[in-house]
Amino acid sequence: MKIIVKRSLDEKYFVDVIKGINKIIKIPKDVIFYFIEKKSDCNPIIKSLPEKSEKYFIEICNRDVSFSYSHKNIKYIIIDVKNEDYLLYDTDALKGLILHELMHIKTSKLFDKKINLDLKKVLFKNIDKLEIREDNFDIVIRLMNYSKLLLKELYANENLIKNNFGNILFRYYYQQFSGKRYSGFLFNKKFKKDKYFIENILKLELSLLSVIWPLQKYKVYNYDMLLKHLQENYHIRLRNIEKSFLKLKNLYFDRFDSKNFNMLFFEEVLNVVNKRLK
C-alpha cells in the first residue's frame, strides 16, 4: 500500500484516515492512493499506462470526480478534493468514499467479465425488439454501458452496508449532495422529445437511485434526512422519478441475490430506455 498526497494538502490527515480504515478492513498491498487537487496530478499515473489505457484514464480524470482504476497488478484510488472540500475535514465522509472505492477494486476480474457478458447477452437478445428510430441506437448503447457502472455501484454499496458501514456511507453521500444543484431544467416538458436530454435525465435518475435504494433497503439511520436533503438541493421529487423504475426497484429489493439478477437488471433498464426514446 502506498499513499501519495499532492501539493498543499495535509498529508498526516489523509495518512491517519487510511491507517484507521486499514485497522477495520485490510487494505490490499497493491493499492496506491492518490489525493489530488487538479487534473495534472494524474500525470504520473498516465505516464505508466500503455497508450490503449491512457485515453480512458484521462477521460475519467477529466470528470473531476474520485474514482478507482486497475492496471496489471496495481490498483489506484484517486481522491479528487478540488470540488469536494468537505473531504478535508469530514473524516467519516472521507472514509465512506474510500471504502466505497475499495469495494470496487476488490471485485474480481471474473465479476467484471460476467457483468460485461450479461449486458452483451441482453443487448443481443433484445436489440431488434426495440421500438426506436435507428439514429437513437447510439444513445441506447451509451445508456446501457452507463447502467453497467450503476449496477457496480449497487454491488459496492450493498456490500458496504452489509458489513456495517452504512452510517459512514450515508455521511459521504449526505456531504456529496450538499451543494445546490439545479437539475429541474432536465425535467422540463419542453425538452421531453430531445434525445440528448432524455439521455441526461436517465443518467441522473439511475445515478440517484443507485445511491438511494441500498440505504432504503437496509433502513440505514437518517436515510429520510438524505432523501429530503437531496430533493431540496436538486429541486426534484424522487417519488416521481421512481415511477418509471418500480419494476427495477422490486427486482433489486427482492431478487438481488439471484444468479440471473444482472440480466434482469439490464433487461428492465433497456425496457425503460425503449419507452423513453420511442
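A residue counts as partly exposed when its relative accessible area lies between the buried limit of under 20% and the exposed limit of over 50%. The legends below describe close-up views of a predicted model.

**View A. A salt bridge joins arginine 171 to aspartate 90.** The closest N and O atoms of the pair are 2.7 Å apart. Arginine 171 lies in helix α7, whereas aspartate 90 belongs to the loop between β4 (74-80) and α4 (91-105), so that distant parts of the chain, 81 residues apart, are linked. With a relative accessible area of 29%, arginine 171 is partly exposed; aspartate 90, at 9%, is buried.

**View B. Helices α7 and α9 come within 10 Å of each other.** The axes of α7 (residues 166-176) and α9 (residues 223-234) cross at roughly 15 degrees, and the two helices are therefore roughly parallel. The crossing is left-handed. Phe170, Tyr173 and Tyr174 of α7 meet Tyr223, Met225, Leu226 and His229 of α9. Six of these contact residues are nonpolar, one is polar and none is charged.

View C. Glutamate 158 is buried, at 1% relative accessibility.

**View D. Asp138, Arg142, Glu199 and Lys203 are linked in a network of salt bridges.** Within this group, the side chains of lysine 203 and glutamate 199 meet at 3.4 Å, N to O. These two residues are four apart in helix α8 and are therefore separated by about one helical turn. Lysine 203 is partly exposed at 24%, whereas glutamate 199 is buried at 5%.

Technical notes: Residues are numbered from 1 along each chain as its sequence is written. This is a predicted model: local features need pLDDT of at least 70, side-chain atom pairs count only at pLDDT 80 or more; totals for chains, interfaces and linings use all residues. Side-chain values use heavy atoms; hydrogens and water are left out. Axes are lines fitted to C-alpha atoms, for helices over the stretch in contact, and angles run from 0 to 180 degrees between N-to-C directions. Angles under 35 degrees count as roughly parallel, over 145 as roughly antiparallel, 65 to 115 as roughly perpendicular and the rest as oblique. A crossing is left-handed if the near helix is turned anticlockwise from the far one by less than a right angle, and right-handed if clockwise. Contact means heavy atoms within 4.5 Å. Ala, Val, Leu, Ile, Met, Phe, Trp, Tyr, Cys and Pro count as nonpolar, Asp, Glu, Lys and Arg as charged, and the others, Gly among them, as polar. A salt bridge is a side-chain nitrogen of Lys or Arg within 4 Å of a carboxyl oxygen of Asp or Glu. Buried means under 20% relative accessible area, exposed over 50%, partly exposed in between (1.4 Å probe, protein chains only).
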